[in-house]
Amino acid sequence: MPVILQSELIERIARHDQYMRGVRGGRRLDLSMQTGHELDFMKKDLSSAEFVGAFLSYANFSYCRLRQANFFGATLDSGNFFEADLSQADLRGAQMKRVNFTNAILNEANLSDGLLLHHERGGGIGMPVQNADPKLRLSDAIFKNATAQRAKFSSAIELSTNLSFANFKGAKLNGVNFVGSNLHGVTFENADLRGCNFSNANMSSTVLLHSNLEGAVFDGTDLTASLVHTEDFAPDTFNNAKMTRSLENLEHSIKEIIAEHRAWVNSLGREGKRADLIGINLANVLLDGVQLQAASLQKALLDGASFTNSVFTMSDLSDSNACGASFEKSDCRGVNFSMSRLDSANLQYADFSAMPISRSLNPTCWPANFSGANLQQAYLRGADLRGANLEKAFLAGADLRDTNLEGAVFLDANLTNADLRGAAIDKADFRGAVGVR
């Protein structure tokens, strides 16, 4: 098998660029049945390139444009496709163990089975090029924040990996084995999930609206804070899963819980009771002006709820699902939203600055925590995020106009197409962040 070196690759990519621009002398990049180790393709437009049967372990395809590229039967183990665009790419039968697809686009890509065979002399068909177990083709791959709408996956694949906040809207995933996978915050809307095994998977804050779950298994699955209309499925579908608690099943009404919590706050804990709303379903409720400082709302379903002009100082809303919720003009100093879904949420003019927790000469402050949260398309205009922790947060397309980001931490965050006009960014830490302009 011919070996391709980095020095030769540079020239061939230049010719592919000419080919893409229709310049005379250009030639499509074709590395089919060639091998290269740790090749660097970073930030190149390789749309329609051919990689059939290529051995490209540890290759760097980060930020590449690979639309309609052909990776049929290729070996891409330990490759990096961070922020790559693989729309309509052919990845059938490709070996992709430990591949990093974080923030990648795989819309309408084909990751189903495929078998590449050697050609024998005389035109006959010989043995397979690869002898690896097809079930393990994507073992330990990372799909965090990846978008794979209408993509096709093999029913034989095992995906025990990190797929948190991935978007599989309309994808064909029937028969895939997700046992023990991290599917926190994944969107499966309109997806074909027939026969999938989700046993013991973390599916908190997922979206399962209008998906096909015929024959799917949810034994021991955590579905708290997930958006799913259980009445749309067979009665026993979620019998063995951990589900969000409904208001109807609570010992006290939500108004009584809030009143008890207010008494607890006002008496510094001597009276009343701290609100325990962990794993509760508050979707679409109207609780404007509510006072829930220092409350527990981990894994709560808050989709479409309204908390305008409310108080959530020092409250724990980690792992919650607050898609489209409103916290406009609310006091959220020191709040914990780590690993929460806040996509398209209204957070305008809210106070997310650090909360003072001591009154000494050198006061200690507790910062708001959005680490790992999904804030895609969120509305944050005019919000105060001074000192907030947004490490590895997903802020693609977020409205950050006129926000106060002084001292905020954006380590490895994704700010692709985020609007930062008028934002105060003095001493903000953007190391490793993408999309910052």
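Student: Which side chain meets that of arginine 92 in a salt bridge?

Tutor: Side chains of opposite charge can pair when their charged atoms come close. Here the partner of arginine 92 is aspartate 90, with 2.7 Å from N to O. Keep in mind that this is a predicted model. Salt bridges that share partners also join Asp399, Arg401, Asp419 and Arg421 into one network.

Student: How many salt bridges does the structure hold?

Tutor: There are 16. One of them joins arginine 12 to glutamate 8, whose closest N and O atoms are 3.2 Å apart.

Student: Why are arginine 12 and glutamate 8 separated by about one helical turn?

Tutor: An α-helix has 3.6 residues a turn, so residues three or four places apart point the same way. Arginine 12 and glutamate 8 are four residues apart in helix H1, and therefore about one turn separates them.

Student: And which residue forms a salt bridge with aspartate 85?

Tutor: That is arginine 67, with 3.1 Å between the closest N and O atoms. Both residues of this pair are in the loop between H1 and E1, 18 residues apart. Aspartate 85 is buried at 13% relative accessible area, while arginine 67 is partly exposed at 32%.

Student: Let's turn to a helix. Which residues of H2 are buried?

Tutor: In H2 the buried residues are Ile254, Ile257, Ile258 and His261. Because they cover an arc of only 95° around the axis, they are on the same side of H2. The face turned away from that buried side carries the exposed residues Lys255 and Asn266.

Student: What span should the 13 residues of H2 have?

Tutor: At 1.5 Å a residue they should span 18 Å, and the end C-alpha atoms are 18 Å apart, which agrees.

Student: Which residue with a positive phi follows H2?

Tutor: Most residues other than glycine have a negative phi. Leucine 268, after H2, has a positive one near 55°. Methionine 33 also has a positive phi, near 55°, and is found in the loop between helix H1 and strand E1. For methionine 314, phi is near 60°, and this residue's place is in the loop between helix H2 and strand E5.

Student: What is the relative accessibility of the two methionines?

Tutor: Methionine 33 has 28% and is partly exposed. Methionine 314, at 29%, counts as partly exposed too.

Definitions and conventions. Residues are numbered from 1 along each chain as its sequence is written. This is a predicted model: local features need pLDDT of at least 70, side-chain atom pairs count only at pLDDT 80 or more; totals for chains, interfaces and linings use all residues. Side-chain values use heavy atoms; hydrogens and water are left out. Helices (H or I, at least four residues) and strands (E, at least two) are DSSP runs, numbered from the N terminus. Buried means under 20% relative accessible area, exposed over 50%, partly exposed in between (1.4 Å probe, protein chains only). The expected span of a helix is 1.5 Å times one less than its number of residues. The arc is that of the directions from the helix axis to the C-beta atoms. A salt bridge is a side-chain nitrogen of Lys or Arg within 4 Å of a carboxyl oxygen of Asp or Glu.
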